[in-house]
Amino acid sequence: MTEVLPLAGFTIGITAARRADELGALLVRKGATVRYGPAIRIVPLVDDTELYQATTRLLEEPIDVVVATTGIGFRGWVEAAEGWGLGDALVERMSSASVLARGPKAKGAIRAAGLSEDYSPASESNAELLQHLLESGVDGRRIAVQLHGEPLPYFVDTLRAAGAEVIEISVYRWVGPSDPGPVDRLLDAVLDGSVHALPFTSAPAAASLLALARRTGRLPGLVDALTHRVLAACVGPITAGPLAALGIPIVQPLRARIGALARTVAETLAERSPRLQAGGRSIELRGQAAIVDGQWWEVRPAPMPVLGALARSPGRGGRRAELTSALPGGGEEHAVETAIGRLRTSLGGGQVVQTVVKRGYRLAVDA
């Protein structure tokens with residue numbers, strides 16, 4: 001018997017721009033079907049006047065602390081300085097400062113520049129980084145903060161309120177996708193039930209998807225889908241912020257890693273998959289498929305929501321009129337009959353789905 005991969009039957013949407021292929025490959029390896037809809041894109045500011053001015057301002061006087069929040073941003077900053085002929089001066093200036101790294105990628109970029117970090121929080125969070133700075137004392141100190149695609153007003157304003165001079169280093173920015181078509185279609189797929197999970201790797205991507213839904217009048221539907229049907233998974237608490245603000249339940253891995261995020265998605269979907277014994281068979285529902293006695297059966301789009309509705313009340317079942325609401329786009333009672341016929345075929349025949357005379361259908365749940 002062929003092994004059934006843990007995410008077989010599930011369709012997962014990816015809104016990331018950076019590292020989307022890496023996350024997608026991990027999910028596909030676990031059996032998932034992946035739909036890409038980048039909600040953001042990265043715009044580097046190598047030639048940006050603002051970045052040049054911030055760098056030259058930093059070089060005017062000694063700097064006390066340098067905060068690196070992302071590896072790609074710190075590397076981009078050093079590379080931009082090299083392009084302006086300021087690379088050696090920038091590294092030399094930072095070598096006499098206390099260099100702090102938010103996480104391992106920022107650490108790697110710092111070391112690649114020939115520097116070494118003095119502190120990196122175990123949580124990989126900006127909040128813990130800020131707490132460390134405040135506890136060490138920042139009054140009168142000059143601090144450079146490399147931003148990670150969008151402003152960090154709370155972080156920066158708190159340092160300034162504590163007496164620090166803060167130089168904000170914006171190396172790149174998140175902006176909307178150049179082609180909004182894929183993310184727009186992904187949003188529709190979430191709403192129509194053909195996507196079963198949305199893992200997010202950055203707060204800007206989550207915020208951008210919510211903003212698209214709000215602009216197009218689909219936000220209530222998206223919040224409802226992510227609350228009741230579609231798994232929302234985030235790589236860390238910062239990423240989860242825009243979703244949590246709307247009360248959307250979120251799962252996240254213990255460590256903020258792409259691989260850990262993929263494992264969390266697989267484990268959570270497996271935990272949520274309905275399992276039952278019906279018609280003498282063991283059945284597990286998997287997104288757009290069912291595993292019957294360990295064998296894979298793909299279920300067509302119309303019968304699958306009907307099967308889901310029957311599985312929610314397997315012994316009682318549902319009336320034909322009630323089951324029409326489970327069909328994509330609704331329908332009439334004869335459409336339910338057609339879906340039930342296809343469902344029986346998809347489950348290998350037998351007596352898994354029973355007809356209840358003058359009422360409707362139910363799963364023949366074993367005692």
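Student: In what order do the four strands of the open sheet come, and is their pairing parallel or antiparallel?

Tutor: Start with the general idea: strands of a sheet pair through backbone hydrogen bonds, either parallel or antiparallel. Here the order is β5-β4-β6-β7, and the pairing is parallel. Two strands count as paired if DSSP finds at least two bridges between them. The strands themselves (E, at least two residues) and the helices (H or I, at least four residues) are DSSP runs, numbered from the N terminus.

Before we go on, this is a predicted model, so local features need pLDDT of at least 70 and side-chain atom pairs count only at pLDDT 80 or more, while totals for chains, interfaces and linings use all residues. Residues are numbered from 1 along each chain as its sequence is written, and side-chain values use heavy atoms, with hydrogens and water left out.

Student: Which strands stand at the edges?

Tutor: Those are β5 and β7: each has a single partner strand, so one side of each has no neighbour in the sheet. From one strand to the next, the twist averages 15°. Angles run from 0 to 180 degrees between N-to-C directions, and axes are lines fitted to C-alpha atoms, for helices over the stretch in contact.

Student: How many bridges join β4 to β6?

Tutor: Four, with β6 covering residues 142-146. To find one in the viewer, look at V66, whose bridge partner in β6 is A144.

Student: What does α3 lie across?

Tutor: β4, β6 and β7, and α3 runs at about 125° to β4. α7 packs on the sheet too, touching β4, β6 and β7, with a direction that makes about 160° with that of β7.

Student: Which residues have the most contacts inside the largest nonpolar core?

Tutor: A nonpolar core is a set of buried Ala, Val, Leu, Ile, Met, Phe, Trp, Tyr and Cys residues joined through side-chain atoms within 4.5 Å. Buried means under 20% relative accessible area and exposed over 50%, with partly exposed in between (1.4 Å probe, protein chains only). In this model the largest core has 31 residues, and L58, V66, F74, W77, M94 and I169 have the most contacts inside it. α3 gives the most to this core, with five residues. Apart from it lies another core, of 25 residues, including V183 and L222.

Student: What is M94 in contact with, beyond its neighbours within four places in sequence?

Tutor: Contact means heavy atoms within 4.5 Å. By that rule M94 is in contact with V66, F74, W77, V78, V99 and L115.

Student: And A81, is that residue buried or exposed?

Tutor: A81 counts as buried, because its relative accessibility is 0%. A81 is found in helix α3, and not counting residues up to four places away in sequence, A81 touches L86, G87 and L90.

Student: Which residues of helix α6 are buried?

Tutor: In α6 (residues 126-136) they are N126, L129, L130 and L133. These cover an arc of only 100° around the axis, which puts them on the same side of α6; the arc is that of the directions from the helix axis to the C-beta atoms. They pack against β4, β5, α7 (153-161) and α11 (237-244). The face turned away from the buried side carries the exposed residues A127 and E135. After α6 comes G137, with a positive phi near 90°.

Student: How many helices and strands are in the chain?

Tutor: There are 15 helices and 17 strands. Buried residues make up 48% of the 367 residues in the chain.
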